[in-house]
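Subject: The structure for you to look through

Hi,

Here is the structure I promised to pass on. Please have it open while you read, as my notes follow just below.

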Amino acid sequence: MLDLSRYDSLGAALRDALERWPEETCLIEADRDRERCRLTYGQFKQVALPLASALERSGFAAGDRAAIIMTNQSKWLISAYAVFHSGGVLVPLDYKLTASEQLQLLAHSKARVLVTEYPIWSALMQAEGFRDLRAKTVLVTEAPPETDLAGAHRWEEFKATREPAFVPRQRTDMACIVYSSGTGGRPKGCVMTHENYLEQCMALTSLYPFWPGVRYLSILPTNHAIDFMVGFIGPFTCGAAVVHLRTLRPEYVREAFRRYKITYMTLVPLLLKNLEKGLRERFAALPAHKRMLFNGLVAVNHLLTRRRPRLEVSRRLLPQIHLAFGGELRALFVGGAFTEPATLQFFYDLGIPVANAYGLTEAGTVVTLNDFKPFRPDTVGKPLPGMEVRILNPAPDDVGEVAVRSKAVMSHYLDDPERTAETIVNGWLLTGDLGRLDSTGHLQLFGRKKNMIVTAEGKNIYPEDIENVFEGLPVKEFCVFAANYLWPERSMVGEQLVVVLRLERGQSFSDALLEELSSRNRRLLPFKRISGYVLWDEDFPRTASMKIKRAALAEQIRGRLDRSQAVVAL
Amino acid sequence: MRTLEQTTEEIVGLAATHFQVPREKLSPDDDFFKKLGIDSLQALDLLTRLENHFGVELPDYEIQGVTDFRALARRIQARL
């Protein structure tokens, strides 16, 4: 791999990667069982440089911001490289947000360029607020011929022949603005520097190396910090290949393992559970004698891999399992949400190590990672090299807030010094998560101190971001909370949101109000919905500017109401 | 050529069979995530079955934000 300690920017490192491995495959894009595109590093450069040249010709310059809103595909990475080559700042946005949320973040990030796909652009054009879009250059991929793109350019035709100048950046310069939340009005744009990414990449690849020939299957959205790092920067700075699948259908994901002989893949707990369920069903369907034999082989594998994974041994003992995963799989990574130890153990006993991790965008993605020395499914692993982890204000059982310090921690929140000061204190990033470091340095998580939930799909949901759907609800006031924030619970699974309602004087909770509440709730995507409501009989404490004092309100509710009786399920 | 109503009916019927829910308990405007108690992956699984039934191909993003049978039927109808 490239020695990243010698580089000042992602652009410089990626540029050298394109020169160093011109004949190696870097990208494969498949849609279901059809391969759409395959590029070597040399071919990648031939596509990316004309794009960078056209961007520069359009006036895009060092420090300018370019947003990408795309599903996982080759043009995502090609566009990102062109932005870095031109000295730009990348703003990866979630394609699953609504068009109005995307417009809000585009405005907040002050993106000068937007790269997007035709269906997303169509939705943006129809959204309220589209006229306020300030991006000067919009590039749209895969637009049907003869379609009016409202002034946007076709990505495929946006190129110039002049060799683009490479624009150098400093390590401390802004590389990306990554939104970890904030579609509800106060966006949290994590400003990540080039150093943040270079340091994180060195730490991760020291534990899980990539090399030419390695194939990483990218199915998490590339705008997500995890896939950006392990599905782009990591493989590219090591000469490895990224395989993009344009569908998440389990049958095609399974097929991709075999077809492309995948080495690594990252998934969220929901997908891992789905894989586990499918495998368990297949095992259960085996004839009794075969099942006994199989269980015996799994037990032998369990014994032989107690101290560390032994891939060659596992592949010989359980060849059908390993061939079903392509025969080259070295590890799966799982992150974004809590994974049950039993699920991790299930895969480990089959000889498929699942490295579970804990991290957050603000910390430069990964804080701790399981290194299998030895396998500890009851923890989220040990801190990455260069990552200091402290437990603040520990209780008698040593559980306290997890704080981290490293060169990978973000610089600040964009245009929000107040929130930055609350989050990074004396150089330590306060995660809001509760954990304990055991005697071997493994981190165990126990719950959250912060007012948010994480779903099994790895989605972080902040109450403030969904409250606008309840605006106008016929009550005096309302406030959404994570139930575990109101009533702290040491649990990382089954987290729920609840709305606290303060009714008008003399108002009773009617069927009409219940219907209104339920119907508004249905407007939210399923994973964002509230699970219940709480009736509260006092006015909410507010600041001088009339903002709800959430922490104070939570404390009052906690003091007077019992969770099991107060929460009414919707 | 099916009408939108027919397409919707067939979708509801297929979903009922696939997830083993009595047909009469489902209606076109139901939120299928909630009514069937399914997650996003199971919804993709349903989509695959619908594709096979109707002989169309729907990219994953086509069901972004779609939560009820009728809206799903409109997406499929547009490709019939």
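Predicted model: local features only at pLDDT ≥ 70, side-chain atom pairs only at ≥ 80, totals over all residues.

Cavities

How many cavities of 30 Å³ or more turn up in a search of the whole structure? The search finds 5 of them. The largest cavity has a volume of about 90 Å³. Its lining consists of Ile219(A), Leu248(A), Pro250(A), Val253(A), Arg254(A), Met265(A), Leu267(A), Leu271(A), Asn274(A) and Leu275(A). If you want to find the place by its secondary structure, look at helix 8 (250–260), strand 12 (264–267) and helix 9 (269–284) of chain A, each of which supplies at least two lining residues. The lining of the largest cavity divides into 8 nonpolar residues, 1 polar and 1 charged.

Sorted by class, the lining of the second largest pocket comprises 11 nonpolar, 13 polar and 9 charged residues.

Two packed helices

In chain A, helix 6 (residues 194–207) packs against helix 7 (residues 225–236) at an angle of about 80°, and their axes are 10 Å apart. Angles of 65 to 115 degrees count as roughly perpendicular, so helix 6 and helix 7 of chain A are roughly perpendicular to each other. Which residues make the contact? Helix 6 of chain A contributes Tyr197(A), Gln200(A), Cys201(A) and Leu204(A), while helix 7 of chain A contributes Phe228(A), Met229(A), Val230(A), Ile233(A) and Gly234(A). Of the residues in this contact between helix 6 and helix 7 of chain A, 7 are nonpolar, 2 are polar and none is charged.

A side chain in chain B

Arg70(B) sits in helix 4 (residues 69–77) of chain B. Its side chain makes a polar contact with the side chain of Glu5(B), at 3.2 Å. Leaving out residues up to four places away in sequence, Arg70(B) touches Glu5(B), Thr8(B), Pro28(B) and Asp29(B).

Two backbone details

Most residues other than glycine have a negative phi, and most peptide bonds are trans. Two places in chain A are worth a look with that in mind. Arg32(A), which is not a glycine, has a positive phi of about 55°; you will find Arg32(A) in the loop between strand 1 (25–31) and strand 2 (34–40) of chain A. Further on, Lys373(A) and Pro374(A) are joined by a cis peptide bond, with omega at about 0°. Pro374(A) belongs to the loop between strand 15 (365–369) and strand 16 (382–383) of chain A.

Happy to go through any of this with you.

Best wishes

How values were computed. Residues numbered from 1 in each chain as written. Chains lettered and ligands numbered in written order. Heavy atoms only, no water. Axes fitted to C-alpha atoms, helices over the stretch in contact; angles between N-to-C directions. Helix = DSSP H or I, 4+ residues; strand = E, 2+ residues; numbered from the N terminus. Parallel < 35°, antiparallel > 145°, perpendicular 65-115°, else oblique. Contact = heavy atoms within 4.5 Å. Nonpolar A, V, L, I, M, F, W, Y, C, P; charged D, E, K, R; others polar. 1 Å grid on protein atoms, 1.4 Å probe; cavity = no way out; pocket = protein on both sides within 12 Å on 5 of 7 lines; lining within 4 Å. Points joined across faces, edges and corners; volume = space filled by probe spheres on them. Polar contact = N/O pair within 3.5 Å; in protein donor to acceptor, adjacent residues only side chain to side chain.
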